[in-house]
Amino acid sequence: MQALVLTAPNEFSIQDIPEPSDLEPEEVICKVDTTFICGTDPHIIAGDFPGFWPKSFPFVPGHEWSGTVVETGTRAASLGWKEGDRVCAISHCGCGVCRNCMTGRYNLCLNYGYEDRGHRQYGHYTPGAYAELMKTSIKSVYQIPDDMDLEYSACVDPLSIALYTVKRSRLKPGEDILILGSGPQGLMALLCAKALGAGRIIMAGGGERLSKAEELGAITINYRETDVVKRVMELTNGLGAPRVLECAGTVDSIRQACLAASKGGVVSVIGIPHEDPLIPMKRVVLDEVEIIGDRANPNTAEEALSLLAADRVDLHPLMTHRFPLAEFGIALDIFNKRQDGAIKVAIKP
Ligand SMILES: [Zn+2]
Ligand SMILES: [Zn+2]
């Protein structure tokens with residue numbers, strides 16, 4: 001089959017590789033329809049996580065995908081999975097038996113990274129979906145409604161991360177929310193916050209993507225031109241935002257998030273900065289600002305699918321580009337340079 005194969009940091013090509021085999025009882029093999037480029041992919045490709053994502057080369061990345069089941073393992077079949085099932089996927093697959101998995105926190109699996117103990121993270125250290133065929137545990141795939149197209153459903157992975165970020169902020173209907181970062185995750189968080197009944201949505205970001213945020217109903221702040229914290233204080237009568245989502249992942253934005261939160265506010269963080277930021281601890285302690293880290297999307301994919309199926313969230317404005325697998329290099333370049341308003345870029349293996 002054709003697949004995108006990473007052979008070293010920043011070295012990749014489309015190659016013919018063996019089809020997946022050795023199906024385990026709880027696995028299925030799917031024909032991949034669509035794999036979206038995730039913001040993490042360029043970092044995996046650049047070798048920013050040496051020995052971790054991936055552990056070694058050659059490696060096939062890709063984790064925001066959808067497809068159709070073509071082969072089922074024995075237990076998957078007993079559980080009702082069959083050829084022709086249309087699915088979308090998430091990257092995490094907990095071992096299923098450790099304390100964290102047993103209590104629903106499989107994103108924090110205690111056997112993370114040990115394939116022999118049943119853990120997987122597809123497209124990160126387990127082979128991923130920039131390929132014609134994808135072998136996956138049924139723990140990491142979800143049936144999609146008959147009337148939803150496969151390409152659309154491939155965004156469930158990032159959308160369910162955005163949903164988790166909003167839920168972790170404990171947003172209550174009508175409350176104002178501040179989102180830092182107008183990239184794909186920030187924009188999806190905006191859509192989720194709206195669906196969950198946020199009051200005003202304030203988004204700090206830059207470039208064309210900030211105009212998109214405005215189109216989607218946010219009050220926008222261009223962080224290059226405006227003091228973000230000052231502007232948030234003006235907009236909130238000096239109180240700050242009760243819910244803050246940090247989706248930018250820079251040293252400045254995390255600091256701004258802590259300073260722009262209201263007394264007793266919550267900062268829900270998915271951005272990962274290269275260096276640890278200076279946290280304004282006086283503010284955090286004396287005003288009880290809670291900082292909450294969010295990893296991936298535990299138990300939110302089905303909810304994200306429901307939001308899409310019911311049209312509470314419409315992702316079409318964010319789906320900007322589509323390329324065949326053979327043109328992955330061009331697609332990655334357009335994604336990285338945010339050319340032509342690129343937000344979510346689809347690859348068709
Ligand atoms: Zn991702
Ligand atoms: Zn586990």
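This is a predicted model: local features need pLDDT of at least 70, side-chain atom pairs count only at pLDDT 80 or more; totals for chains, interfaces and linings use all residues.

Q: How many helices and strands in the chain?
A: The chain has 12 helices and 17 strands. Those are DSSP runs numbered from the N terminus, with helices being H or I of at least four residues and strands E of at least two.

Q: And what's the radius of gyration?
A: The chain has 20 Å, which agrees with the value near 20 Å for a compact globule of 349 residues. That is taken over C-alpha atoms, and the globule rule is 2.2 Å times the number of residues to the power 0.38.

Q: How much of the chain is buried?
A: Buried residues make up 47% of the 349 residues. A residue is buried if 20 or more other C-beta atoms lie within 10 Å of its own, exposed if 12 or fewer, and partly exposed in between, with C-beta atoms placed from the backbone.

Q: What domains is the chain divided into?
A: There's domain 1 (2-155 + 315-348) and domain 2 (159-293). Those bounds come from an automatic or database domain assignment. Their centres are separated by 28 Å, taken over C-alpha atoms.

Q: How many residues of each domain are in contact?
A: 10 residues of domain 1 are in contact with 12 residues of domain 2. In contact means that their C-beta atoms, placed from the backbone, lie within 7 Å.

Q: OK, the core. Which residues have the most contacts inside the largest nonpolar one?
A: Ile-179, Ala-189 and Leu-190, in a core of 96 residues. This core draws at least three residues from each of domain 1 and domain 2. A nonpolar core is a set of buried Ala, Val, Leu, Ile, Met, Phe, Trp, Tyr and Cys residues joined through C-beta atoms within 7 Å.

Q: What does Ile-179 touch?
A: Not counting residues up to four places away in sequence, Ile-179 touches Gly-186, Ala-189, Leu-190, Ile-201, Met-203, Leu-245 and Cys-247.

Q: Switching to helix 5: mostly covered or mostly open?
A: Helix 5 is mostly covered, with 12 of its 13 residues buried. Among them are Asp-157 and Arg-168.

Q: Why does Ala-331 count as buried?
A: Because Ala-331 has 21 C-beta neighbours inside 10 Å. Ala-331 lies in helix 12 (residues 328-336). Leaving aside neighbours within four places in sequence, its contacts are Ile-37, His-321, Phe-323, Val-345 and Ile-347.

Q: Where are the cis peptide bonds?
A: One runs from Trp-53 to Pro-54, with omega near -5 degrees. Another runs from Phe-57 to Pro-58, also with omega near -5 degrees. Pro-54 lies in the loop between helix 1 (41-46) and strand 4 (64-72), and Pro-58 lies in the loop between helix 1 and strand 4 too.

Q: What's the phi of Asn-237?
A: Positive, about 55 degrees, although Asn-237 is not a glycine. Asn-237 counts as exposed because it has 7 C-beta neighbours inside 10 Å.

Notes
Residues are numbered from 1 along each chain as its sequence is written. Chains are lettered from A and ligands numbered from 1 in the order in which they are written. Two residues are in contact if their C-beta atoms, placed from the backbone, lie within 7 Å.
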